[in-house]
Amino acid sequence: MADVMSMEDIRATAARLNVDLSSLDLDSIRLPAGEDFGVISDDEDLKKDESLEFEEGFGNIIVVDNLPVVPKEKFEKLEGVVRKIYSQIGVIKEDGLWMPVDPDTQKTLGYCFIEYNTPQEAELAKEKTNGYKLDRSHIFAVNMFDDIEKFMKVPEEWAPPETKPYTPGENLQKWLTDEKARDQFVIRAGSDTEVLWNDARQSKPELVYTRTYWTESFVQWSPMGTYLATVHRQGAQVWGGATTFSRLMRYAHPQVKLIDFSPGERFLVTYSSHEPSNPRDTHRVVINIFDVRTGKVMRDFKGSADEFAIGGTGGVSGVSWPVFRWSGGKDDKYFARIGKNVVSVYETETFALIDKKSIKVENVIDFSWSPTDPILALFVPELGGGNQPARVSLVQIPSKEELRQKNLFSVSDCKMYWQSNGDYLAVKVDRYTKTKKSTYTGFELFRIKERDIPIEVLELENKNDKIIAFAWEPKGHRFAVIHGDNPRPDVSFYSMRSGTNTGRVSKLTTLKGKQANALFWSPAGRFIILAGLKGLNGQLEFYNVDELETMAQGEHFMATDVEWDPTGRYVVTAVTSVHEMENGFNVWSFNGKLLYRILKDHFFQVILVRPRPPSFLSPEKEEEIAKNLKKYSKKYEAEDQDVSMLLSEQDREKRRMLKEEWERWIGEWKRLHEEEKLERQKLRDGEASDEEEEYEAKEVEIEELLDVSEEVISFD
């Protein structure tokens, strides 16, 4: 490595050589190509790891083959026909249609080039017109110009691909083996994204990994916590590991706005919306489904926003998200989307429609999958002014057999809620009164796993109560409902079992006048948080449903979000940057004890706790552990006691250090006091005592003439 000179050495050398440094333009000096003189640039890692990707090529040009070969006099007619077909799809640039002519025969060569304003229009033109039948003899073959260029570069002779040596990667589930059994979470504040351990024993988070400008939009964990996805202009990326978070795969999708994982993490769905060239047209939507491990596009869907806007609520540019909904379980076997009068169900072996056709359901507006089984729940509203009732249907996939149907009358709205094990389906039905001037709400409760799928009707004691929130107990048989009028509605708890008859729903209790507008069950069940978010100022009540008692009450002022960790031990509440004050998060125990609080400026994205995969333990083994929990807990209680003693020792050490620092400070002032004793004695005219009581304070007034001025005033 070359010697490094300081600026002083450089100035001395310049003076010795009679060189005026101020006259030199240092920016004009260039190193020889490939030479760094031993000084490594700080940007080298960026060049290797985050090289910018620029669009290149002719992505907005298509090649249309199998056109008629016509003489010069029919050239304009053929060009007009082609232009008419392709101008309906997008805006063709000026002089953007070129049809080559044979110089010898003066006839066309049977193909043409068309240049659109955008690559999206060119892709749509290829999709819509490839195979277009102009007449019996002329069926269009359409390709992207970039693809033709790639085909031309294919070598004549086949060469075997280069075999790369296998390098084992990091175990992506290693984070689950943390000795302290901690969970990770990710936050975004300002330009930084941080992954942290929730170290509740130490009452603080522990930093795992941080990166500036890691994403351009948001981050998202995969459903089982294996991957962390980031979103960029060029597409999406996934990262993994316990501490290193190395990039595992890129998914090219320009201007991607939304992403969604399949439940088993096999596939990633990406979505983008592009403004049309013609303002009268709707947005152009592109949806890709990638294989997560290989990055290969398994299927893409393209079209106008109107084609993807049916069913569901929310989204971008009128499109409901997620457009595709996945069947339950880790197999990722089926996914479906809703269309006009159809539900299209695809299987992931070939990514084609089941039986090559959609399920026809007249006027269907919503559907949802069972979380565990290939069962679809469909909702169809009333038709013909109430002559044809609304209905909810359960359909088995792939047989498309209807398992159960329930007709509903005078319906104004309907929402479906599945229990996490797929044992129950609750259908909240808003019905019109006889006068049609108001509505009331009831529930249709489906027992999915029982014979013939019996249905039970539940109505609140006050049918006019507004339903504010509904939530099933995870893996359990209970559910909670917030009903009534804000700001103090009631909260009721119900069970799908009763003491005398397991087939009847029963009410457990009603809590009157609670400041709550959201329900958050623990992932392990039993405990629930009644939260008053946003407008209710972050009121929190930690409730034990087994004992039907409040464990604790708390407040996180202006809290916007609540999230449990996957084990049900801890709860995170957050205030994001929608509010200007006290952005940050609090971590609580399951029973409502505030463990620690972290403030974060520009806290953009709420806490995302890393999900855990399902346990490999059998239900019998889990039951055995629960029975012998006291035996297992002794080990962890001892560890907690050790940590508590360590924290106490750390606190004692901290107090001791503070005391020593204070004593040193006092000692220093005493020393200075002694050193200045003679000076003080002089100022007191020889008095040696420093005791204030020996002196008498007197006030002495001293008048001093500062200035005299005379001024003659005229009386005119």
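A cavity is a set of grid points where a 1.4 Å probe fits but cannot get out. By this rule, the predicted model has 2 cavities of 30 Å³ or more.

**Cavity**
- The second largest cavity has a volume of about 30 Å³.
- Its lining consists of Asp183, Phe185, Asn198, Asp565, Tyr570, Val572 and Val609.
- Sorted by class, this lining of the second largest cavity has 4 nonpolar, 2 charged and 1 polar residues.
- Rolling a probe the size of a water molecule over the atoms shows where empty space is left.

**Hairpin of S12 and S13**
- Strand S12 (residues 235-240) and strand S13 (residues 246-252) run antiparallel and are joined by 6 bridges.
- Gly235 has Ala252 in S13 as its bridge partner.
- The two strands, S12 and S13, form a hairpin with 5 residues between them.
- Gly241, in the turn of this hairpin, has a positive phi of about 125°.

**Asn288**
- Asn288 belongs to strand S16 (residues 284-291).
- Asn288 counts as buried because its relative accessibility is 9%, and buried means under 20%.
- The side chain of Asn288 makes a polar contact of 3.3 Å with the side chain of His253.
- Asn288 and His253 are 35 residues apart in sequence, and their C-alpha atoms are 7.8 Å apart in space.
- Not counting residues up to four places away in sequence, Asn288 touches Ala252, His253, Leu268, Val269, Thr270, Val297, Arg299 and Asp300.

**Arg478**
- Arg478 is located in strand S32 (residues 478-483).
- At 11% relative accessibility, Arg478 is classed as buried.
- The side chain of Arg478 makes a polar contact of 2.8 Å with the side chain of Glu473 and another, of 2.9 Å, with the side chain of Asp546.
- Neighbours within four places in sequence aside, the contacts of Arg478 include Trp472, Tyr494, Ser495, Leu508, Trp521, Arg526 and Val545, along with Glu473 and Asp546.

**Leu207**
- Leu207 sits in strand S9 (residues 204-212).
- With a relative accessible area of 48%, Leu207 is partly exposed.
- Leaving aside neighbours within four places in sequence, Leu207 is in contact with Glu194, Val195 and Leu196.
- Thr243 is 36 residues from Leu207 along the chain, and the C-alpha atoms of Leu207 and Thr243 are separated by 9.5 Å.

**Backbone features**
- Most residues other than glycine have a negative phi, and most peptide bonds are trans.
- The peptide bond from Ile397 to Pro398 is cis, with omega near 10°; Pro398 lies in the loop between strand S25 (390-396) and strand S26 (401-408).
- Asn486 and Pro487 are also joined by a cis peptide bond, with omega about 5°; Pro487 lies in the loop between S32 and strand S33 (490-495).
- Glu265, which is not glycine, has a positive phi near 65° and is placed in the loop between strand S14 (258-261) and strand S15 (267-274).
- Glu265 counts as buried, at 7% relative accessibility.
- Asn341, not a glycine, has a positive phi of about 65° and lies in the loop between strand S19 (334-339) and strand S20 (342-347).
- Asn341 is partly exposed, with a relative accessible area of 24%.

Terms used:
Residues are numbered from 1 along each chain as its sequence is written. This is a predicted model: local features need pLDDT of at least 70, side-chain atom pairs count only at pLDDT 80 or more; totals for chains, interfaces and linings use all residues. Side-chain values use heavy atoms; hydrogens and water are left out. Two strands pair if DSSP finds at least two bridges between them. Helices (H or I, at least four residues) and strands (E, at least two) are DSSP runs, numbered from the N terminus. On a 1 Å grid over the protein atoms alone, a cavity is a set of points where a 1.4 Å probe fits but cannot get out, and a pocket is an open set with protein on both sides within 12 Å along at least five of seven lines; lining residues have an atom within 4 Å of a point. Grid points are joined across faces, edges and corners, and a volume is the space filled by probe spheres set on the points. Ala, Val, Leu, Ile, Met, Phe, Trp, Tyr, Cys and Pro count as nonpolar, Asp, Glu, Lys and Arg as charged, and the others, Gly among them, as polar. Buried means under 20% relative accessible area, exposed over 50%, partly exposed in between (1.4 Å probe, protein chains only). Contact means heavy atoms within 4.5 Å. A polar contact is a pair of N or O atoms within 3.5 Å; within protein, one must be able to donate a hydrogen and the other to accept it, and residues adjacent in sequence count only if both atoms are side-chain atoms.
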